[in-house]
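This briefing covers selected local features of one chain. Please have the sequence and the model open while reading.

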Amino acid sequence: MSAPHAPRTFRIAAIPADGVGPEVVAAGRTVLDALAARSGGAFAFDWTEFPWGCGYYEKTGLMMPEDGLDELADYDALYFGAVGWPSVPDHVSLWGLRLRICQNFDQWANVRPVRFHPGVVSPLRAADSTELDWVVVRENSEGEYAGLGGRNLAGRGPGNEVALQTALFTERGCERILRFAFDLARTRSEQKVSSVTKSNAQQYGMVLWDELFARVAPDYPDVATESVLVDAMSAKFVLHPEDLSVVVASNLNADILSDLGSALAGSLGLAASANLNPERRFPSMFEPVHGSAPDIAGRGVANPIGALGSAALMLDHFDLPAEAARLRAALDATTAAGVLTPDVGGSAGTDDVVGAVLDHLAG
Ligand code: GGG
């Protein structure tokens, strides 16, 4: 008699962090554990929670311990909530936790799918019946978020302060994210990559990006391409969403465009994301696109769909595509049934949404 398969146990570091982060991470853990319980022992999750974030900062002066990256390095994945709280300057909390993790673990590809959710009214869907199904690919390691620059330059007195914020574009960094976008486009029904810059005004880094896009594109003759300025692309998101499939842009531009995209889909609360280290030398991190939303924190009304969609991306990363599809189908069935939080026009609480998702998974 052959021995039963040993279950695959995925070790996950949960970092709920701030505001609504703990509520949506708890939602994700509940749903992922339910999927594991239904897998007949095929896989399991072993969770460790790290209580880092602005509360930790208030006690220690740090967003995470000095050796926090060492603590995370051996996990199979990181499941993140949201960072930011009014008592801590936003740049301190962001750089002290989320960006510290992304940059040190070389999570250079931030994948942000944007799509309609059944039952959710969106500004675009109200206008016509266009389907929306894009992926925004964000360069996640350099660009405008390279952390380069300075203030209080020598020789300038009060009232004359100058600040420099330098964007870094490397040939390696740009080329790898462009190839990532092309490879992703090849897996989709519409094989097209739209590259976004502002190279008419930013004449060094973004011109390098454009040149690399033109150099890489011939390696993917089966994929359609366009190069669009970011201002024009913002208009295109609204006016011609049907023209888009994979949109690749620098750190800042893609951050802005993906927020616009998720608002067009109905709410920032719906948007999922994966911060990937494609080489798998370091753990990748999965998190909703939304921030900590202090105005609704602790009220039980945070939309968990973005965090649950991020859990689906994590299942893809673990090579469990059928489980990821099952979870996405349960999310769609939940929104289609009108179980919606207030940000998408409903009156359901976070737990109601989780309950409905669990019911659909069980059904
Ligand atoms: N869950 C994502 C999150 O907490 N975002 C907060 C934020 O301000 N992020 C800026 C960024 O994505 O670079």
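Asp106 counts as partly exposed, because 17 C-beta neighbours lie inside 10 Å; the class is buried at 20 or more other C-beta atoms within 10 Å, exposed at 12 or fewer, and partly exposed in between, with C-beta atoms placed from the backbone. The model is predicted: local features need pLDDT of at least 70, side-chain atom pairs count only at pLDDT 80 or more, and totals for chains, interfaces and linings use all residues. Residues are numbered from 1 along each chain as its sequence is written. Helices (H or I, at least four residues) and strands (E, at least two) are DSSP runs, numbered from the N terminus.

**Positive phi in loops**

- Asp106 sits in the loop between helix H4 (90-104) and strand S4 (109-115). Its phi is near 45 degrees, a positive value in a residue other than glycine.
- Arg280 belongs to the loop between strand S11 (272-276) and strand S12 (284-288). Phi is near 60 degrees there, again positive in a residue other than glycine. Arg280 is exposed, since 10 other C-beta atoms lie within 10 Å.

**Helix H10**

- Helix H10 (residues 305-317) has 13 residues and should span 18 Å at 1.5 Å a residue; its end C-alpha atoms are 18 Å apart, which agrees. The expected span is 1.5 Å times one less than the number of residues.
- Of the 13 residues of H10, 11 are buried, so the helix is largely enclosed by the rest of the structure. Among the buried residues are Ile305, Leu308, Leu313 and Met314.
- Just after H10, Asp319 has a positive phi of about 65 degrees.

**Helix pairs**

- Two packed helices are described by the angle between their axes and the distance between the axes. Axes are lines fitted to C-alpha atoms, for helices over the stretch in contact, and angles run from 0 to 180 degrees between N-to-C directions.
- The axes of helix H8 (residues 230-239) and helix H9 (residues 251-265) come within 10 Å and cross at roughly 15 degrees. H8 is therefore roughly parallel to H9 (under 35 degrees is roughly parallel, over 145 roughly antiparallel, 65 to 115 roughly perpendicular, and the rest oblique).
- H8 contributes Val230, Met233, Ser234, Phe237 and Val238 to the contact, and H9 contributes Asn253, Leu257, Leu260, Gly261 and Leu264. Two residues are in contact if their C-beta atoms, placed from the backbone, lie within 7 Å.
- By class, the contact of H8 with H9 has 7 nonpolar, 3 polar and no charged residues (Ala, Val, Leu, Ile, Met, Phe, Trp, Tyr, Cys and Pro count as nonpolar, Asp, Glu, Lys and Arg as charged, and the others, Gly among them, as polar).
- The axes of helix H11 (residues 321-336) and helix H12 (residues 350-362) come within 8 Å and cross at roughly 125 degrees. The two helices are therefore oblique to each other.
- H11 passes H12 in a right-handed crossing. Residues in this contact include Arg326 and Leu331 of H11 and Val353 and His360 of H12. The contact divides into 7 nonpolar, 2 polar and 1 charged.

**Gly143**

- Gly143 is in strand S6 (residues 143-150) and counts as buried, because 25 C-beta neighbours lie inside 10 Å.
- Not counting residues up to four places away in sequence, Gly143 touches Ala167, Leu168, Phe169, Ser250, Asn251 and Leu252.
- Gly143 and Ala249 are 106 residues apart in sequence and 9.6 Å apart in space, C-alpha to C-alpha.

Conventions: Left-handed = near helix turned anticlockwise from the far one by under 90°.
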